[in-house]
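Visitor: I'd like to learn how to read a few features here. Please show me the structure first.

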Amino acid sequence: MESRPHRVSDVMTHAVVAVGRKALFKDIVERMEEWRVSALPVLEGDGRVIGVVSEADLLPKEEFRDSDPDRFTQLRRLPDLAKAGAVSAEELMSTPAVTVHGDAALPEAARIMALRHVKRLPVVNAEGVLEGVVSRGDLLKVFLRPDNELADEIRRDIIDVLFPAPVEPVHIIVGDGVATLTGRVEDAARIPLAARLVRGVEGVVGVDCRLTAVGSDAG
């Protein structure tokens, strides 16, 4: 049976700490410290995510604690100055929240994190209700897949499909996530495709494709 690509729901953390919009500054800091997280979703009463409070939202209070910024700084850093005087989650949070759905593919979640410069994403359903949280570390879990599992998937879903009758047996060795392919096949045009598909297998770190074709001078 063909394997299903991992989705956010496969790797996300289901037990999530969150705060309401009226949560106070100190309570937010204490929860971050207790749970060792860098951001907290802010929820409405029905569990809908309305924003996120991150360490970056909290730091202006310390940065401007004993400073008297000039007018240029005030104009340039107006949002941060507002947060420096904030005392509740609804004043501190970044909104709208950057979220992802549980059925999103892992590369999609990774792109959102990279483009929005965030380390964690609340996972929500179609109504925006919190279901979990996915972090950068969660997205890397696919690289913990055993080498033999990767080799089995490459054999089953790629090699046996592209080269059902190879001239010489195709050998697949996976070590530390790096897949090495050796053997001689009939169709040279399919070799680059095989390498590309193997590279796309979740958990594969690199590909060393040494496949050759009938009539090729490569040894």
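Visitor: Which residue lies over the face of phenylalanine 25?

Guide: A charge sits over a ring if NZ of Lys or CZ of Arg is within 6 Å of the ring centre and within 35 degrees of the ring normal. Here lysine 61 lies over the face of phenylalanine 25, 5.1 Å from the ring centre. This is a predicted model: local features need pLDDT of at least 70, side-chain atom pairs count only at pLDDT 80 or more, and totals for chains, interfaces and linings use all residues. Residues are numbered from 1 along each chain as its sequence is written, and side-chain values use heavy atoms, leaving out hydrogens and water.

Visitor: In what order do the strands of the open sheet run?

Guide: Strands are DSSP runs (E, at least two residues), as helices are (H or I, at least four), numbered from the N terminus. Two strands pair if DSSP finds at least two bridges between them. The order is β4-β5-β6, with mixed pairing. β4 (100–101) and β6 (130–135) are the edge strands, each pairing on one side only. β4 pairs with β5 (residues 120–124) in the parallel sense, over two bridges. Histidine 101 stands opposite valine 124 in β5.

Visitor: Is glycine 200 buried or exposed?

Guide: Buried means under 20% relative accessible area, exposed over 50%, partly exposed in between (1.4 Å probe, protein chains only). Glycine 200 counts as exposed because its relative accessibility is 58%. Glycine 200 lies in the loop between α10 (190–199) and β9 (206–213). Its C-alpha atom is separated by 21 Å from that of threonine 212, twelve residues apart along the chain.
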